[in-house]
Amino acid sequence: MTQVRNSQSTDTRGLTMRRNISRQKKLFLLLFIVPSLVLYLIFYIWPFIYAFYISVFDWSGYSKKMTFCGFDNYVKVFRDPIVWSGLKHNLYFLLWSTIVIFVLSLFFAVCVTRLKIKCPNFFRIVYFFPNTLSIIVVGVLWMFIYNPSFGLLNGILETLGLDGWVRDWLGDKNVVMGSLIVPQAWMYIGFYMVLFISAIQGIPEDYYEAATLDGAGQFRQFFSITVPLIWGTLRTALVFFVVNAFARTFALVYVVTEGGPNRASELMTTYLYEQAFQNGRFGYGAAIGVLLFAIVCAISMTIYKLTARENVEY
Amino acid sequence: MKTKKSVGPVLSRGAINFLMCLYAVLVIFPMAWTIMSSFKSTKEFYANVWALPKSLDLTNFTNAWKTADIGTNILNSLIIVGASVVLTMVLAAMIAYAITRFHFRGAGLIGKLFIVGLFVPLVLGTIPEFLILQKLHLYDTRLGLILVYTAYSMPMSVFIMMSNFETLPSTYSEAAMIDGCNHFQVFFKVMLPLAKSGLVTISIFNFLWEWNDYIYAMTFLPSATKRTLPVGLVKLTSMAMYRTDWGALFAGLVIVMFPSVVIYILFQNQLQAGMNSGGIKG
């Protein structure tokens with residue numbers, strides 16, 4: 001009898017203990033997941049959904065009055081010539097900054113890792129510097145470089161005797177877009193170079209040794225070993241770049257030219273910001289944002305599909 | 001021998017070294033020129049924009065400090081960025097630990113939700129974020145900006161912390177459980193110290209972007225007394241342009257530049273390692 005009762009009580013004790021443990025585990029998971037998730041949902045995920053909702057209202061945002069207007073905002077967006085010229089500028093920016101940044105950063109990454117230059121670490125550290133600067137610092141710095149009366153660029157051109165090239169780099173509507181791509185590239189080349197350096201360093205050295213023995217030169221090695229083996233990183237970086245490019249370009253243009261001169265560098269994003277926060281047209285701004293969102297998603301998905309390759313295992 | 005001397009038909013070793021050095025100059029020169037100009041008076045600046053300053057005169061720095069209330073801006077930046085970096089560290093580590101170490105239903109889904117966040121274009125978010133902050137009475141408050149920064153840091157931070165916890169062996173936590181530690185003790189006493197490198201990496205990343213952020217700070221926290229350093233610097237820029245006081249402007253730029261460059265130089269090895277392990281990889 002006593003034995004049975006004893007074993008029963010240990011049994012229930014074990015059960016309550018196990019129940020306690022599972023309750024403690026539940027409490028633990030709740031405390032560890034809920035705060036982060038709630039914060040993330042409210043301030044990161046919800047805004048995206050909310051934007052679609054706002055975009056079908058005629059709303060100043062500062063008043064309580066919200067009038068439902070269906071797709072009116074979208075019709076206006078499609079008829080707004082500034083939206084379309086903004087989109088053209090956005091795409092121009094995207095295309096050229098992608099080409100310049102990816103070609104140069106990949107070239108520098110190969111130089112640092114494969115071409116045995118002197119002091120590779122020095123270049124790796126220094127090239128990243130601009131990426132640690134605020135967009136304000138970069139913007140003001142390049143405003144001085146481009147300044148027409150005492151700017152560094154015109155100064156250098158005059159010293160080199162290239163007076164014909166001297167111009168008002170940010171005030172001339174024909175060159176302003178090109179002038180804005182340079183600071184953008186200057187800021188991000190180092191970041192992508194460091195990323196590609198990490199990827200290239202992960203490739204086993206034997207591949208290169210074997211290729212060298214077979215008589216493959218550096219160019220051949222680059223296209224037949226380096227590129228295929230870091231393809232995954234290149235692809236992710238490209239999609240990541242495209243997704244973020246619109247926000248980054250916005251900050252730079254907003255600081256340096258505010259879309260000028262005479263809207264020559266106006267982007268969809270600067271126009272969106274102006275409409276919402278300066279003219280108080282929040283519904284209209286949100287509609288521009290939704291259109292832009294769709295465009296960015298379409299572009300990045302296309303890139304993702306087009307760059308699909310079979311993964312090379314190593 | 002030929003393959004050792006040249007790297008291909010077009011570029012010689014010398015040309016490569018030259019190009020690398022040229023770009024290094026393009027990177028360093030504008031920054032060095034800013035630092036140099038911050039010690040020059042406006043008269044000196046106009047006399048010759050290329051010349052070295054006559055002396056290491058700190059007048060510009062004191063002027064920048066006085067006219068633009070840089071001291072208050074720095075304090076605001078330190079409070080906001082500091083609070084957000086710490087909060088992100090705690091929240092990202094906790095949720096990353098919970099979803100990688102406990103196989104409950106929905107764990108994978110939550111992880112994916114954060115990773116998707118990495119690939120969402122942020123431009124759409126500014127308008128609704130502004131309205132949400134207004135509704136929650138967090139618009140133009142330091143707390144509001146802290147929460148926005150923390151939420152925006154989450155995708156990358158959770159992603160890096162997840163890959164960090166995935167690599168840690170489970171033997172440590174099992175041993176601690178047998179020794180009688182509960183889940184909380186296991187996390188804070190055993191697992192968190194082991195994930196130190198991930199915590200350092202995300203803190204540097206988050207510090208750099210939040211310290212430098214201008215757009216969100218300007219949009220969500222516009223009051224003069226609450227301005228962060230980059231927003232204050234824009235104010236200083238417009239004042240300096242109005243008075244053509246370039247010295248104070250350059251001093252302001254140096255004040256913003258200095259902390260992030262120093263942090264980067266101190267932790268660049270850690271940053272490189274972080275990009276190796278987590279970062280953005282395929």
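Helices here are DSSP runs (H or I, at least four residues), numbered from the N terminus. Residues are numbered from 1 along each chain as its sequence is written, while chains are lettered from A in the order in which they are written. Because the model is predicted, local features need pLDDT of at least 70 and side-chain atom pairs count only at pLDDT 80 or more, whereas totals for chains, interfaces and linings use all residues.

- From B:L136 to B:G71 it is 65 residues in sequence and 29 Å in space, C-alpha to C-alpha.
- B:H137 also lies in this loop, which runs between α7 (126-135) and α8 (142-167) of chain B. B:H137 is not a glycine, yet its phi is positive, at about 55°.
- Is B:H137 buried or exposed? B:H137 counts as exposed, because it has 10 C-beta neighbours inside 10 Å.
- B:D140 has its place in the loop between α7 and α8 of chain B too. Its phi is near 60°, a positive value in a residue other than glycine.
- With 14 other C-beta atoms within 10 Å, B:D140 is partly exposed.

**Where the two chains meet**

- In this model, 69 residues of chain B are in contact with 72 residues of chain A. Contact means that the C-beta atoms of two residues, placed from the backbone, lie within 7 Å.
- Which helix gives the most to the side of chain B that touches chain A? Helix α2 (residues 13-37) of chain B does, with 11 residues.
- That side of chain B is made up of 49 nonpolar, 18 polar and 2 charged residues. Here Ala, Val, Leu, Ile, Met, Phe, Trp, Tyr, Cys and Pro count as nonpolar, Asp, Glu, Lys and Arg as charged, and the others, Gly among them, as polar.

**The largest nonpolar core**

- This core has 155 residues, and A:F196, A:I288, B:A92 and B:I95 touch the most other members. A nonpolar core is a set of buried Ala, Val, Leu, Ile, Met, Phe, Trp, Tyr and Cys residues joined through C-beta atoms within 7 Å.
- Helix α5 (residues 70-101) of chain B gives the most to the core, with 15 residues.
- Leaving aside neighbours within four places in sequence, B:I95 is in contact with A:F32, A:I33, A:S36, A:L37 and B:V158.

**Helix α10 of chain A and its partners**

- Two packed helices are described by the angle between their axes and the distance between the axes. Axes are lines fitted to C-alpha atoms, for helices over the stretch in contact, and angles run from 0 to 180 degrees between N-to-C directions.
- The axes of α10 (residues 231-256) and α12 of chain A come within 9 Å and cross at roughly 165°. That makes the pair roughly antiparallel, a word for angles over 145 degrees, while under 35 is roughly parallel, 65 to 115 roughly perpendicular and the rest oblique.
- Among the residues making this contact are A:L238, A:V239 and A:V242 of α10(A) and A:I299 and A:I303 of α12(A). By class, the contact divides into 10 nonpolar, 1 polar and no charged residues.
- Helix α3 (residues 81-114) of chain A comes within 10 Å of α10(A), axis to axis, and the two cross at roughly 130°. This makes α3(A) oblique to α10(A). Their contact has 8 nonpolar, 4 polar and no charged residues.
- Helix α7 (residues 176-201) of chain A and α10(A) have axes that come within 11 Å and cross at roughly 155°. That makes α7(A) roughly antiparallel to α10(A). The contact includes A:F196 of α7(A) and A:L252 of α10(A).

**A closer look at A:I303**

- A:I303 is found in helix α12 (residues 282-306) of chain A, and 17 C-beta neighbours inside 10 Å make it partly exposed.
- Not counting residues up to four places away in sequence, A:I303 touches A:L238, A:V239 and A:V242.
- A:I303 and A:G280 are 23 residues apart in sequence and 35 Å apart in space, C-alpha to C-alpha.

Terms used: Buried ≥ 20, exposed ≤ 12 C-beta atoms within 10 Å, placed from the backbone.
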